[in-house]
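Please look over the sequence and the model shown below before reading on.

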Amino acid sequence: MPSSTSSSKRRRAPAPKGIVTREGALPAGLRLTASDRPGQAQPVPTRDIPKQPWGKIMIAVAATLLAGVAALEVNARTRLGLHAGDLDNSEVAWVEERARSENAPAAIVGDSRILFDTNLDRFQALTGVRPVQLAIHGTSALTLLEDVANNEHFNGLLIVGLADTMFFQPFDGYGGYVKRRNDFTTPSGRIGIEIDHMLQRRLAFLDSNYRLSVLAHRLDDDYRPGVEGPKDDIWKVQEVGEQRQTWLWDRVEYDPWIQARSRWAWKGFKEKFPFTPQLIAKGQARAKAAVDKIRARGGDVVFVRPPSAPQLRVNEEAQVPKAKGWEVLLSNTHSVGVHFDDLPASVQNLTLPEYSHLNRRCAIVFTDAYVRRLTELTPRLKLRADAPPPLSRADCVPGARVASAQ
Amino acid sequence: MIFNSLTFVVFFAIVMALHHARFFSWHQKKINLLIASYLFYAAWNPPFVVLLWISTVVDWWAAQWMVRAKAERTRKLWMVTSVVVNIGMLAYFKYGGFLLDNFVSLAASVGVQYQPPKWDIVLPVGISFYTFATLSYTLDVYLRRAKPAAHFLDYALFVTFFPHLVAGPIMRPTELVPQFAEPRRATAHQIHFGLALIILGLFQKVVLADGFLSPVVEKVYDAHEGVPQMLDAWVATLAFSGQIFCDFAGYSSTAIGVAMCLGFAMPDNFRFPYAAVGFSDFWRRWHITLSSWLRDYLYIPLGGNRHGPARTYTALMGTMLLGGLWHGAAWTFVVWGGLHGTYLAVERWLRARFAGWTPGPAAIVGLGLLTYFLVNITWVFFRAKTFTGAATMLKSMAGVAVNPVPMLALLPMLFAIVIVGGIVGTHWAMRKQTLEIAVERTPAWLVGGILALMSVAIVAEQGKGSAFIYFQF
């Protein structure tokens, strides 16, 4: 009877000696497995090491790997326009910020517009408060508003940024994962993101938008009739810094081809489903319930509508008119808000390279404008005495000298 | 912690350094490995380490008392205790919600409206795997196939040894415990070949399964609207056959490589399954450690083939149905197992009916392709989340779907076909040899070139750290 304690009698693992003929009736070179030994104790497995100059092979593999990484990095920086320090989007990063938002004085939720169009440094320079960025691209702000409403630890100021159609859409969108955020709180996830970020601060090619398979799939030029291929997906449009500070990728601004792709991907914000009065009313009711919940425990909520280009605005307005969406939202929830229509003329007509998001410099200008307006509307934000001077459209044209925190 | 994560890279580097450090005694190194294995598991959900401890302690003592017992009845009692505790934990965490849902449905069908509180239990990662591993310990001792381990540390390390802990290969105590008795330190060649296996495994998982095959599968199987055309349904199903193989065989290869780098040997879990001719052959090649476990601890105790045809077919079907349920708490998995049971039963009947027939080369290939075709039919139930979804796919595959639409772009489809074709072709080319033989017969420059390309592809693919499919089981 084989014994699981009999190993003391076993020989030391033999030195590699190449393939040997193994037990049983199988052809030479085939190992027996548990499937060949029914109803018995299985012996210690034998694992052969093929005869090869493994040392040399592994040195060659390591050298090729290093050369490959170097080539990928050079390609990423010179041809693709990627930058080191772009930390990519991740669920774990959002969950970490969400944890940080508990007991924070201010937080931001919403879709990609408020995410891209808010400069946290400028916000802090103006008010002394650095809000926690919880907005998620492609996600209804309503979903995130409700998430914060359910967070008993938050009683600060919540800034809800919205694109009207996305706010009232009948599904969560990309950020649906916030409802199962516990999946992303594992110790390995947290350690993993620290290592990821450590590498991404130094290497530009680590970008999920430029993975091998993604690039290979995007070679498909809609060859098959009737199918929207991977090329029609939304390509990279943003870069992400520390604490989820996000901005429009500069290549979207300077590369006409990428810019055209991004514009095309939005498809004019023409949604497939109708924004019926019932759908909008349902969204309004959900928003009111969430706002009331936050206020009941001492918090407050304000709304912000970042700009969109006329090419999109016309369709957004057709689906969710400002009078039925935005204005009812403010009155129903008894909230104040900043709509980009209402900002001074000096900050109108900011640059929206792909129609939906401001470029990085204009995002600073827009942040400056809406935060100043918010300080007038809510006592929870105060303009610092040493706040930098106001910015205008002139500050966001290429060549203008403006720093986010000045 | 998953193998395809940077966290694991750092973890493994530390474990390797500690394991090969000369200033630790063998006893201390085993303690290091035990702690590392607990950390590996706790990296998902620390409280669930308690389950590992319960399983470890209960089975250790059950085996000890089994050996000391004078009466057969007492031995049996300790064996049953072990089975009840282990299967009880598995049932609670994995099947509790499933059983409750079925009870509610059953009650509703007879007019009783029962609304229980929501079953909100998180499934501990790999519970099915380590439950089977520890059960094999007490069962082997009970069946007098093995003596209990002499040292608790060796036994605890057998249960928790991180390379096999969460997704197999499901190891038997007699395979691993003896390896802990003497100092083990991998040779340079073992480390190099172990790393080669890790590269192969990660390439299968990160590049092929996650990068190229998964998007094709998801696009069709997870489509929110529309019914796929016949071509799309078939390509998606074939892609899933490749995805699940690359995912699971990739995990097994990586696990074997990791263990080899530490100087330990783990058993084969796959033997080129898509070159199987017939289903008994398939199950000798697919998830070998599970199929042999089910055979040794379920099929044979149920009677095996020693009590007449009726008992044999019943045991076969029972084993495969439970094997299906082992994969997931859903009726679709039961049907998957049932289909395999039916295939095995039919094959058994045909073998008896045509006992004198020896297939020629063409027939072998034809039967092999038929086997692969039928395996793909079962994968539909494995992948579809509902019977409605499975029915939709099968109708599309049969070409009888109403108003089907194209779903897959041309290039992703071609990539999937080339990859799956490559997998099946490789399996046929390798069906009568081991990977090691093939590697040994390949020129060194080609081995190095392939490994180098795979390594660069893994880095270029980056991976999103997605979990292995079998973790959910």
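How many residues does the contact take from chain B and from chain A? This is a predicted model, in which local features need pLDDT of at least 70 and side-chain atom pairs count only at pLDDT 80 or more, while totals for chains, interfaces and linings use all residues. Residues are numbered from 1 along each chain as its sequence is written, and chains are lettered from A and ligands numbered from 1 in the order in which they are written.

The contact takes 83 residues from chain B and 71 residues from chain A, two residues being in contact if their C-beta atoms, placed from the backbone, lie within 7 Å. On the side of chain B that touches chain A, the largest share, eleven residues, comes from α19(B); helices are DSSP runs (H or I, at least four residues), numbered from the N terminus. The residues of that side divide by class as follows, with Ala, Val, Leu, Ile, Met, Phe, Trp, Tyr, Cys and Pro counted as nonpolar, Asp, Glu, Lys and Arg as charged, and the others, Gly among them, as polar.

| Class, side of chain B | Residues |
|---|---|
| nonpolar | 45 residues |
| polar | 20 residues |

Within chain B, α9(B) and α19(B) pack at an angle of about 45°, with their axes 9 Å apart, where axes are lines fitted to C-alpha atoms, for helices over the stretch in contact, and angles run from 0 to 180 degrees between N-to-C directions. The helices α9(B) and α19(B) are therefore oblique to each other, a term for angles that are not under 35 degrees (roughly parallel), over 145 (roughly antiparallel) or 65 to 115 (roughly perpendicular). The contact of α9(B) with α19(B) has eleven nonpolar, two polar and one charged residues.

Conventions. Helix = DSSP H or I, 4+ residues; strand = E, 2+ residues; numbered from the N terminus.
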